Amino acid sequence: MGKIRLTTAQALIKFLNQQYLHVDGEEFPFVEGIFTVFGHGNVLGIGQALEQDPGHLKVFQGKNEQGMAHAAIAYSKQMLRRKIFAVTTSVGPGSANLAAAAGTALANNIPVLLIPGDTFATRQPDPVLQQVEHEYSLAVTTNDALKPVSRYWDRVTRPEQLMSTLIRAFEVMTDPGKAGPATICIAQDVEGEAFDFDEQFFRKRVHYLDRKAPSERELKGAAALIKASKKPLILVGGGAKYAGARDILMEISERHNIPLVETQAGKATVECTFKNNLGGMGITGTLAANKAARQADLVIGVGTRYTDFATSSKTAFDFEKAKFLNINVSRMQAYKLDAFQIVADAKTTLEQLAPLLERYESEFGSTIAELKNEWEAERKRLSQITFSRENFVPEIKHHFTQETLNEYADTLNTELAQTTALIAVNDAVDPESIIITSAGSLPGDVQRIWNPTVPNTYNVEYGYSCMGYEVSGALGIKLAAPDKEVYSLVGDGSFLMLHSELVTAIQYGKKINVVLFDNSGFGCINNLQMDNGGDSYFTEFRTYDNKILNIDYAKVAEGYGAKTYRVHTLEQLKEAIEDAKKQRVSTLIEIKVLPKTMTDGYESWWNVGVAEVSEKESIQKAYQERQQKLETAKQY
């Protein structure tokens, strides 16, 4: 067997170039490129290897480690987990900045390869710059903090260890049932250390994404459950989207008159125009979906984790009558809510299940169309919300006074409601455009009222709801879909948290459109406070003398080199979007909106921790209401 002498870092890059994925007869490179912020710990090892020979890998210089990792996550998500970017950082703070992004990838089951530098394997110069020290162990470094947010984690302290750890990492990342972040920490001295690697290690390696078929027992059991039900409901999760199950979902739904409802990850698997698609379900769901869920006597969960938002903290269903049938490549997820489990690929399972359901029809009848029409009327109403300084409108909720709203209207110079502005954006952008958001009130609004008419144009991260994903992720989506317009829908609070990769997008000519909704505060958390009996406390953006902040975000983005727009009216908004479509550079549209004008409710409930003891009667009342709700919630 031949040998090739390479440094550990050179071997890493050579290996990444030879990894391929085979899906449904198509074969392609699995690793598209690598994001990097160079520092000590990776610049002299991985940096040297990339400079010498990156192969086909596209190399992008990030501006913040968390930001560039978010871009990698959004890229993989948009590519339906079939391609990835790697991410390399320096030691210490550089690797620590990966923690939030790793958690985001893990919660959403998105493969990404994280390669932080580490301290010296020899320990000769310890403690090196940015190294933490513990009395109980010299082996602990900052990278140990990434263990709980990684699907696979390892530390390389010898060159030959690279071979086994890389094979293991790619086994995890290419397995649909285990997909998530793989973290390989490489000691900085080892990165530059040479070794005689077997040439065989660098051969073209194909990872096969074979669709796991359901067993006969699983199929017969599922068919019996469905045929015995009167009002089954299909809950479409992210696993259905990644499996490419759109066509068979529509076929089964239409043939048997079964409504479809969606999780955040599952939204836009099937376009909103499909007659049986009732939209998002749960706390951020539509009234139509939540009403259908209450009627269901069988819930067919296709590739879903049943998060608290999707299940309204396990109060969305009538657990006295509802049974559960789960189709999931993850056995752990299939067991949720004590369901009948099918541990298999969603598309394959539904295709094999379909012939067993002949002559079955649900008893939903015309109810599906009635619910859909009712919700469309509500969406139309939300598109026309107006504010008056003289007449307080009921849509402005959560105990804000007319005086407070007038103050916001005067300071921000706007009378725009968030729902009105958002639907106007939906109507104005091209249908093939892709949107992204993650945190704050916007995920609730888009799951309810954003109508995607083209599949896979909705990239919303709500498994971890990570602030800062929105702008960074838009860059990743643009890399995945270079011919599409990408719109990052972001609140002012999340924009302030992290928007560094807007600079990267401008730097590399990857046009993204940032649509910034500015209500001067952490609006959804302010709602949470006040909905549960509290006052508005440190969630609005106010100055030391209690004045509302009015930040010129357009000027910030203009300084980066973006084309910017300032919006205070619907007419200005429509003009800005049309002009932004013509631009080749990244854009930022700053929309001033009033707080408390987002969507809310629709027969859903969220279980949050409320103080059991309080001097405020309103908090005491909120606690009692929570206890009453818990009596109806499923406990496992």
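This is a predicted model: local features need pLDDT of at least 70, side-chain atom pairs count only at pLDDT 80 or more; totals for chains, interfaces and linings use all residues.
# Rings, charges, cysteines and cavities

Phe 35 has a relative accessibility of 0%, so this residue counts as buried. The cut-off for the word "buried" is a relative accessible area under 20%.

The structure contains 21 aromatic pairs. In one of these, Phe 35 is paired with Phe 60: the ring centres are separated by 5.7 Å, and the planes make an angle of 35°, an arrangement described as tilted. Phe 35 belongs to strand S4 (residues 31-36), whereas Phe 60 belongs to strand S5 (residues 58-61), so their pairing ties together parts that are 25 residues apart in sequence. A further pair is formed by Phe 201 and Phe 202. How are these two rings arranged? Their centres lie 5.0 Å apart and their planes meet at 70°, which means that the pair is edge-to-face, since edge-to-face pairs are those with planes over 60 degrees apart. Both Phe 201 and Phe 202 are buried. These two residues also take part in a cluster linked by ring pairs, together with Phe 15, Phe 30, Phe 170, Phe 195 and Phe 197.

Lys 231 places its charged end over the ring of Phe 364, at 5.4 Å from the ring centre. Lys 267 is positioned over the face of Tyr 458, and the distance to the centre of that ring is 5.5 Å.

Attention now turns to the cysteines. A disulfide is a covalent bond that joins the sulfur atoms of two cysteines. How many disulfides does the model contain? The count is zero. Cys 524 counts as partly exposed because its relative accessibility is 26%. Cys 272, by contrast, is buried, with a relative accessible area of 15%.

The largest cavity has a volume of about 70 Å³. Its lining consists of 14 residues, and those nearest the centre are Tyr 408, Gly 523, Asn 526, Glu 540 and Pro 595. Helix H22 (residues 523-531) contributes the most to this lining, providing three residues.

Two annotated regions complete the wider picture. An unreviewed UniProt entry assigns residues 220-353 to "domain: Thiamine pyrophosphate enzyme central". In the model, this span is 38% helix and 20% strand, and its end C-alpha atoms are 8 Å apart. UniProt also lists residues 439-591 as "domain: Thiamine pyrophosphate enzyme TPP-binding", again in an unreviewed entry. That span is 41% helix and 16% strand, with 17 Å between its end C-alpha atoms.

Where is Ser 215 found? This residue lies in the loop between strand S11 (205-208) and helix H8 (216-228). With 29% relative accessibility, Ser 215 counts as partly exposed.

How values were computed: Residues are numbered from 1 along each chain as its sequence is written. Side-chain values use heavy atoms; hydrogens and water are left out. UniProt positions are given in the numbering used here, feature names are shortened, and annotations may be inferred rather than shown by experiment. Helices (H or I, at least four residues) and strands (E, at least two) are DSSP runs, numbered from the N terminus. Rings of Phe, Tyr and Trp (its six-membered ring) pair if their centres lie within 6.5 Å; planes under 30 degrees apart count as stacked, over 60 as edge-to-face and the rest as tilted. Buried means under 20% relative accessible area, exposed over 50%, partly exposed in between (1.4 Å probe, protein chains only). A charge sits over a ring if NZ of Lys or CZ of Arg is within 6 Å of the ring centre and within 35 degrees of the ring normal. A disulfide is a pair of cysteine sulfur atoms within 2.5 Å. On a 1 Å grid over the protein atoms alone, a cavity is a set of points where a 1.4 Å probe fits but cannot get out, and a pocket is an open set with protein on both sides within 12 Å along at least five of seven lines; lining residues have an atom within 4 Å of a point. Grid points are joined across faces, edges and corners, and a volume is the space filled by probe spheres set on the points.
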